[in-house]
Amino acid sequence: MGNANTLRTRCCIVGGGPAGMMLGLLLARAGVDTVVLEKHGDFLRDFRGDTVHPSTLQVLDDLGLMPRFERLPQHRERELRLQIDGRSYPFGDFSGLSPFDYIAFVPQWDLLDLLADEARRHPNFQLLMNAEATHLLRDADERVTGVVAETAHGSLRVKADLVVACDGRSSTLRADAQLPAREFGAPIDVLWFRMPRGDGDPPHSMGIVDRGRMLVLIDRGDYWQCAYVIAKGGLDALKAQGLAAFRDGLAASAPFMAARVASLESWEQIKLLTVQVNRLERWHRPGLLLIGDAAHAMSPVGGVGINLAIQDAVCAANRLTDALRGDAAIDESLLAAVQKRRMAPTRLIQRIQLTIQRRVIAAALNAKSTPKPPAWLPPLLRFRIVRSIPARVFGLGFRRERPRHL
């Protein structure tokens with residue numbers, strides 16, 4: 001409600017990624033007036049994570065959305081494999097998990113469209129596209145009271161009793177709130193590109209470790225989504241060697257794609273993901289809460305970004321819905337309770353990611369000869385209970401959240 005350039009709502013969510021759209025949906029279902037601001041005109045960004053783990057599948061099922069989710073284009077894997085020195089090893093077995101014994105690789109834009117369509121069914125929900133939040137509104141006591149956003153129709157003031165920042169690892173609102181992040185560093189970056197699939201290609205997604213190279217291939221049906229791991233800041237050196245040398249390295253790591261590497265005709269087809277791992281020590285101010293990547297940037301190791309963000313959103317909805325249904329100011333202790341519950345699992349996953357980055361991935365990238373797994377590892381991987389450990393850690397996570405207000 002308000003004049004042409006002012007809205008009034010109970011909760012304003014900034015950012016239409018997994019955390020923002022899930023929280024918006026949960027609050028709208030619970031009867032809370034909610035506005036979501038998304039700075040882009042659609043969700044079609046190729047450079048988004050697309051790994052949907054069992055923890056997120058469970059939330060979708062709780063909300064009755066699995067029939068619609070299952071109609072989305074996707075590829076499912078019950079076992080992840082890692083190829084080292086030409087041999088394939090199983091390292092993540094999801095088949096023993098229940099009720100969802102797989103991970104789904106789903107283009108993130110399709111998942112976000114599903115959540116947005118479901119949220120729009122509720123009259124107390126608004127999703128404003130092409131609306132970029134630029135700064136916070138505050139009262140005389142420095143309590144956050146809303147945001148200012150730039151839209152195609154000019155400046156928009158959104159007055160809200162609670163603002164939730166879900167605007168990613170480069171969060172504008174985090175900077176405005178002066179909430180510094182603790183940086184943990186990362187020895188890697190990732191190059192993101194597509195390669196056509198062929199009839200004789202492996203039938204599953206996989207990782208490949210070669211001498212000085214690491215490649216992850218995600219099966220997207222008619223093409224491979226490729227994540228090529230490089231040393232931090234190593235793109236300029238790679239470009240200096242030339243695109244032909246890069247294609248040769250790619251063909252050496254994945255010989256079955258050798259005849260198709262010529263489809264990479266320009267560096268413009270290859271996008272750089274600068275890997276960050278960081279975490280806020282404080283996720284809130286009076287009237288403001290940060291969740292998802294805005295509160296903790298995750299490494300791509302384990303593909304848990306979507307799932308941690310959605311777990312944050314479910315936790316926030318569980319803790320805040322009752323208060324938001326009323327008309328009183330939101331006590332900051334409720335925001336602190338969200339952080340307290342989500343901090344421990346965030347720390348644990350980041351610690352595991354950092355260990356893998358430093359001791360496994362960086363070592364493989366620096367290897368001068370073809371790496372080989374430790375002699376003791378292949379015999380251990382014969383046991384399903386061992387193979388299931390990575391699946392449980394990344395697929396289910398720690399302190400799983402289930403929606404309460406259904």
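Q: Where is Arg399 found, relative to helix H11?
A: This is a predicted model, where local features need pLDDT of at least 70, side-chain atom pairs count only at pLDDT 80 or more, and totals for chains, interfaces and linings use all residues. Residues are numbered from 1 along each chain as its sequence is written, and side-chain values use heavy atoms, with hydrogens and water left out. Helices are DSSP runs (H or I, at least four residues), numbered from the N terminus. H11 covers 384–396, and Arg399 lies in the segment after helix H11.

Q: What is the relative accessible area of Arg399?
A: Buried means under 20% relative accessible area, exposed over 50%, partly exposed in between (1.4 Å probe, protein chains only). Arg399 is partly exposed, at 39%.

Q: Which residues form the positive surface patch?
A: Patch residues have over 30% relative accessible area and no salt bridge; like charges are joined within 9 Å, nonpolar side chains (Val, Leu, Ile, Met, Phe, Trp, Tyr) within 5 Å. A salt bridge is a side-chain nitrogen of Lys or Arg within 4 Å of a carboxyl oxygen of Asp or Glu. The positive patch is formed by Arg319, Lys340, Arg399 and Arg404.

Q: What is the area of the nonpolar surface patch made by Trp376, Leu380, Phe383 and Ile385?
A: Leu380 sits in helix H10 (residues 377–380). Leu380 is partly exposed, at 36% relative accessibility. The nonpolar patch has an area of about 480 Å².

Q: How many residues of H1 are buried?
A: Helix H1 spans residues 18–29. The rest of the structure largely encloses H1. The buried count is 11 of the 12 residues.

Note on methods: Areas by Shrake-Rupley, 256 points an atom, 1.4 Å probe, with all protein chains shown as cover. Lys, Arg positive; Asp, Glu negative; His and termini not counted. Charge placed at Lys NZ, Arg CZ, Asp CG, Glu CD. Helix = DSSP H or I, 4+ residues; strand = E, 2+ residues; numbered from the N terminus. Expected span 1.5 Å × (residues − 1).
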